[in-house]
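Student: Please take a close look at one part of this model for me. I would like the aromatic residues first, and then whatever else you can say about the side chains.

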Amino acid sequence: MSSDCLFCKIIRGEIPSKKVAETEHAFAFEDINPQAPKHILVIHKTHTESLATTSDNNLLAEVFGAARDIAAQAGLSNYRLVVNNGPEAGQTVFHLHVHLLAGRPFTWPPG
């Protein structure tokens with residue numbers, strides 16, 4: 001974990017969050033600036049800056065598997081998973097995370 005990373009601090013309990021789920025490898029919590037009625041962030045407990053900076057396919061499987069399981073447990077059959085990679089794509093916290101969005105219709109392409 002990184003000592004100054006916002007999401008690492010949330011995992012350690014140094015910053016409060018509304019935890020949705022936790023597994024051995026993943027932690028999920030409600031987004032503080034929701035973009036849909038359901039907006040959950042799913043992060044790996046190992047600090048990884050972005051999708052582009054990891055080659056650990058197990059880490060990716062754990063995060064995406066956790067997102068799938070959280071959606072199923074919430075009874076969500078229609079949802080969107082989003083990963084922003086880099087500042088121009090909208091990544092603002094440089095700890096790999098998946099946005100689980102649901103509860104409203106989504107359009108394509110996203111803006």
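Tutor: Phe7 is buried, at a relative accessible area of 4%. Buried means under 20% relative accessible area, exposed means over 50%, and partly exposed lies in between, with a 1.4 Å probe and protein chains only. Keep in mind that this is a predicted model: local features need pLDDT of at least 70, side-chain atom pairs count only at pLDDT 80 or more, and totals for chains, interfaces and linings use all residues. Residues are numbered from 1 along each chain as its sequence is written, and side-chain values use heavy atoms, with hydrogens and water left out.

Now the rings. The structure holds 2 aromatic pairs. In one, the ring centres of Phe7 and Phe29 are 5.5 Å apart and the planes stand at 75 degrees, so this pair is edge-to-face. It joins distant parts of the chain: Phe7 sits in helix α1 (residues 6-12) and Phe29 in strand β2 (residues 26-30), 22 residues apart. Helices (H or I, at least four residues) and strands (E, at least two) are DSSP runs, numbered from the N terminus. Phe29 is buried too, with a relative accessible area of 4%. Phe29 also pairs with Phe27, and that pair is tilted: 6.0 Å centre to centre, with 45 degrees between the planes. The cut-offs are these: rings of Phe, Tyr and Trp (its six-membered ring) pair if their centres lie within 6.5 Å; planes under 30 degrees apart count as stacked, over 60 as edge-to-face, and the rest as tilted. Phe27 is buried, as is Phe29. Together, Phe7, Phe27 and Phe29 make one aromatic cluster.

Next, the cysteines. Cys5 is buried, with a relative accessible area of 8%. Cys8 is buried as well, at 0%. A disulfide needs two cysteine sulfur atoms within 2.5 Å. The structure holds 0 disulfides.

Last, Thr54. Thr54 lies in the loop between β3 (38-44) and α2 (57-73). Thr54 is buried, with a relative accessible area of 16%. A polar atom of the Thr54 side chain is 3.1 Å from the backbone nitrogen of Asp56. Leaving aside residues up to four places away in sequence, Thr54 touches Thr48, Leu60 and Leu96; contact here means heavy atoms within 4.5 Å.

Terms used: Polar contact = N/O pair within 3.5 Å; in protein donor to acceptor, adjacent residues only side chain to side chain.
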